[in-house]
Amino acid sequence: MKMSGVTAAKNQHQVFDVSLPQSGSKCFDDDGRLKRTGTLWTASAHIITAVIGSGVLSLAWATAQLGWIAGPSVMFLFSFVTYYTSTLLAACYRSGDPVTGKRNYTYVDAVRSNLGGFQVKICGLVQYLNLFGVAIGYTIASSISMMAIERSNCFHSKGDKNPCHMNSNPYMIAFGIAEIVLSQIPDFDQLWWLSIVAAVMSFTYSTIGLGLGIAKVAEAGKFRGSLTGISIGTVSETQKIWRSFQALGDIAFAYSYSIILIEIQDTVKSPPSESKTMKKASLISVGVTTLFYMLCGCFGYAAFGDLSPGNLLTGFGFYNPYWLLDIANAAIVIHLVGAYQVFCQPLFAFIEKQAHQRFPDSEFITKDIKVPIPGFKCYNLNLFRLVWRTIFVILTTVISMLLPFFNDVVGLLGALGFWPLTVYFPVEMYIAQKKIPKWSTKWLCLQILSVACLIITIAAAAGSIAGVVTDLKSYKPFSTSY
């Protein structure tokens, strides 16, 4: 039985040799695994947790670059594309028959059984690079929020005129230390309460951001902003173009969840067929998310106009009430601490599985040392896990300290992950699975969608790279202060 990523880590000590009827039995599913218990609502909660992340904080800035017409239109367009391609991806969970076909446990498995060959390697590379990038993005975002708490208290005690400069490095190191400890918990991403905590936290800070935006609009008595976005003069013409492209990347990042869609689908019970449940879950979660994004992005822009900060809660558009900002930023940090692990654990599991296969006789890789913890079960300490995961976290922390540009990094990640993982592979797998003939109307429409999204991705990546280049001109490594 092929298992990869998360499932391999989870099931390495269980070997089922049970031949079951196609429909499974009372305790087991048709693939010999314990009955799945996920429902429409748990799947929707998982997706919302994965989607509403730190991406929401850059939406006011993205809307400001594009203006009142293009901003909401682009958000709506991305939500439609994300929903449509996730329904295509949901249809690829089982190979062959949609009800009884062979299950694919991870995104890479789905690509392997539908496309095979070289595409699997490309998909794995893009997916794991993207997860690595997300780890860097989350480290930057959490350090900015920790500094925002410190600065908001500094402004409160010393007055708004005090510059309150501080260095981001100690906060990144603190975040890194926390992640080194948490990354040693095997199967951390299986902790069900983690998703609930993350969902509550992301709603907390997004709602506070939205509430403060509405209050600011009410206080000013008018909507700021213009139909075409940030005006030439505030920025030069070329900057306007690059920033508009970067805004596309920021919005794409805010919608990226197809990377973990198959893994979520693998928790859902049947009947009804998993793909039906998942299509409904995608509709509910993309609908909720889009409404939320529209509100956060539009009210943020309405409150600040051209001056919309890159990160709504830390750009100090708001100074008061300072305790509310502190709660919002603390919620961001708690959410990101957990989200970092949820995104990195599949990468950890993949590398460890490869190492086990490559060096099955190495005690350093395979041996677990039992460490007694008073009051708890023995902890299985694996030296390879300890060393490799620690090196990984240190590496992401050092890169974050070298490139602490939240907006540019978010835009670049969104751009790089959007086309291959959200559009190209789902479209190609769906064509292969449903055997859609070449040059038929449906085939042409799907290919046009894919090419259009590729162009958007290239533009967004170019915009973000231009942003990083501009930032690097006025930047000294390891000494960024705010």
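Visitor: What is the relative accessible area of Y84, and is the residue buried, partly exposed or exposed?
Guide: This is a predicted model, in which local features need pLDDT of at least 70 and side-chain atom pairs count only at pLDDT 80 or more, while totals for chains, interfaces and linings use all residues. Residues are numbered from 1 along each chain as its sequence is written, and side-chain values use heavy atoms, with hydrogens and water left out. Buried means under 20% relative accessible area, exposed means over 50%, and partly exposed lies in between (1.4 Å probe, protein chains only). Y84 is therefore partly exposed, its relative accessible area being 28%.

Visitor: Where do F80 and Y84 sit, and by how much of a helical turn are they separated?
Guide: Helices are DSSP runs of H or I with at least four residues, strands are runs of E with at least two, and both are numbered from the N terminus. F80 is partly exposed at a relative accessible area of 48%. Both F80 and Y84 belong to helix α3 (residues 59-90), and because they are four residues apart, the separation is about one helical turn.

Visitor: How are the rings of F80 and Y84 arranged as a pair?
Guide: Rings of Phe, Tyr and Trp (its six-membered ring) pair if their centres lie within 6.5 Å, with planes under 30 degrees apart counted as stacked, over 60 as edge-to-face and the rest as tilted. A search of the whole structure on this basis finds 18 aromatic pairs. For F80 and Y84 the ring centres are 6.3 Å apart and the planes lie at 10°, so the pair is stacked.

Visitor: Which residues do ring pairs link into a cluster with F223?
Guide: At 54% relative accessibility F223 counts as exposed, whereas F299, at 19%, counts as buried. Their ring centres are 6.1 Å apart with planes at 50°, so this pair is tilted. Because F223 lies in the loop between α7 (192-220) and α8 (237-254) and F299 in helix α10 (residues 274-304), the pair ties together parts that are 76 residues apart in sequence. Ring pairs link F223 into a cluster with W68, F299 and Y301.

Visitor: Which backbone oxygen does the side chain of S44 reach?
Guide: S44 lies in helix α2 (residues 40-51) and is buried, with a relative accessible area of 3%. Contact means heavy atoms within 4.5 Å, and, leaving aside residues up to four places away in sequence, S44 touches A281, I284 and S285. At 2.8 Å, the side chain of S44 reaches the backbone oxygen of L40.

Visitor: With which side chain does the side chain of D266 make a polar contact?
Guide: D266 is found in the loop between α9 (261-265) and α10, and at 9% relative accessibility it counts as buried. A polar contact is a pair of N or O atoms within 3.5 Å; within protein, one must be able to donate a hydrogen and the other to accept it, and residues adjacent in sequence count only if both atoms are side-chain atoms. At 2.6 Å, the side chain of D266 has such a contact with the side chain of Y93.

Visitor: How are α5 and α6 oriented to each other?
Guide: Axes are lines fitted to C-alpha atoms, for helices over the stretch in contact, and angles run from 0 to 180 degrees between N-to-C directions. Helix α5 (residues 118-158) and helix α6 (residues 169-183) pack with their axes 8 Å apart, at an angle of about 120°. The contact involves Y171, M172 and F175 of α6 and several residues of α5, among them Y138, M146 and E150. Since angles under 35 degrees count as roughly parallel, over 145 as roughly antiparallel, 65 to 115 as roughly perpendicular and the rest as oblique, α5 and α6 are oblique.

Visitor: What separates the C-alpha atoms of K370 and L381?
Guide: K370 belongs to strand β3 (residues 368-371) and is exposed, with a relative accessible area of 58%. Not counting residues up to four places away in sequence, K370 touches C378, Y379 and N380. Although K370 and L381 are eleven residues apart along the chain, their C-alpha atoms are separated by 6.2 Å.

Visitor: Near what value is phi of W439?
Guide: Most residues other than glycine have a negative phi. In the loop between α14 (406-434) and α15 (441-473), K435 has a positive phi near 50°. W439 is also placed in the loop between α14 and α15, where it counts as exposed at 63% relative accessibility. Phi of W439 is positive too, near 65°.
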